[in-house]
Amino acid sequence: MLKKSSIRKICLAAFCLLILLILYLFPKKTDQNLSFPETSYSVSNAKDTLFLPDKNDYVARINMAIKADTTIDKANTVISYLTIGSDNESVIPNGFKPIIPRGTKILSSSINDNNYKVDFSKEFLEVSENDEIRLIEAIVYSLTGIEGIKSVTILVEGKILNKLPHSQEFLNNPLDRSIGINKKYDVDSIKGTVKTTMYYLSKYDGYYYYVPVTKVSNDSKEKIEVIIKELTSSPVYETSLMSYLNSETTLQNYKILDDQIDLDFNSAILTDVTKNDILEEVTYAINLSIKDNYGIEKVSYTVDSEVVAKFDLKGLE
């Protein structure tokens, strides 16, 4: 006869087996339709943006989440991200690199009338000749992407930086995005030049990001016409730059108001004519370009005079 303790152990083991059998036959119900969309474009991953050199030495726009309590704290943190050897360098995505020379320190900084004034230590001038213009572009575009900052004044050891250290190119402080970025020249004369900035897509290791290119030309056309013309043609600057705007797309009409621009296209801009859809890559490239060139807050897209999309550009950065 089995002892009571043995019977108790056998009953416990049988009970455990029964529980396992029930769990196996009746698993916890799950939503089989639940899926997590793959993030293919970087534009919506984070609110903040930085401009850093990429593998092709373009100063590119990338998304970052920058934590700071105040505008001045955010601006100083951005400088840290841009500095070689800083504590924040390790979180910069692969394929991009900081550009402010190693050891550079902020001696002082302040914000007045939407101008960020920063005084760097002497190490700032150790930038290479090949990087000096990209250095200025990266700083100005990164900082003016912060709400509350529209221009930047750069000093080194208390003196305003009026010239690049190697080329001696003149810098008209305070600096804003009118300086251009990744500039390409198509000029017949140094007189009457116009800068128009377009945003193209590029890719590194599965990560999509935007690259602004400023075309310097004598073109007297309205900038929105230049933007659409450039984005509908294959980029001649570099095979790494892409535009998803159909080459058959035509800007039929446009209206520029105080804080809005209305664009009327033919149906070639649509991905699906039955749904009046426009690719996100297309609207984002156009919207970024419009914001840089006009500072306009709203964009309306129509196809053959029928509204198909509207965008508020306030939070586009």
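Which residue's side chain meets that of D131 in a salt bridge? R134 does, at 2.9 Å from N to O. A salt bridge here is a side-chain nitrogen of Lys or Arg within 4 Å of a carboxyl oxygen of Asp or Glu.

This is a predicted model, in which local features need pLDDT of at least 70, side-chain atom pairs count only at pLDDT 80 or more, and totals for chains, interfaces and linings use all residues. Residues are numbered from 1 along each chain as its sequence is written, and side-chain values use heavy atoms, with hydrogens and water left out.

A search of the whole structure finds 8 salt bridges. Among them are these:

| Pair | N to O distance |
|---|---|
| D131 and R134 | 2.9 Å |
| K183 and E137 | 3.2 Å |
| D292 and R177 | 2.8 Å |

D131 has 21% relative accessibility, so it counts as partly exposed. R134 has 16%, so it counts as buried.

K183 forms a salt bridge with E137. This pair links distant parts of the chain, 46 residues apart: K183 sits in the loop between β6 (159-160) and β7 (184-186), E137 in helix α3 (residues 132-143). Helices (H or I, at least four residues) and strands (E, at least two) are DSSP runs, numbered from the N terminus. Both K183 and E137 are buried.

D292 pairs with R177. D292 and R177 are both buried.

Shared partners also join D186, K215 and E230 into one salt-bridge network.

Terms used. Buried < 20%, exposed > 50% of the residue type's maximum accessible area, 1.4 Å probe, protein only.
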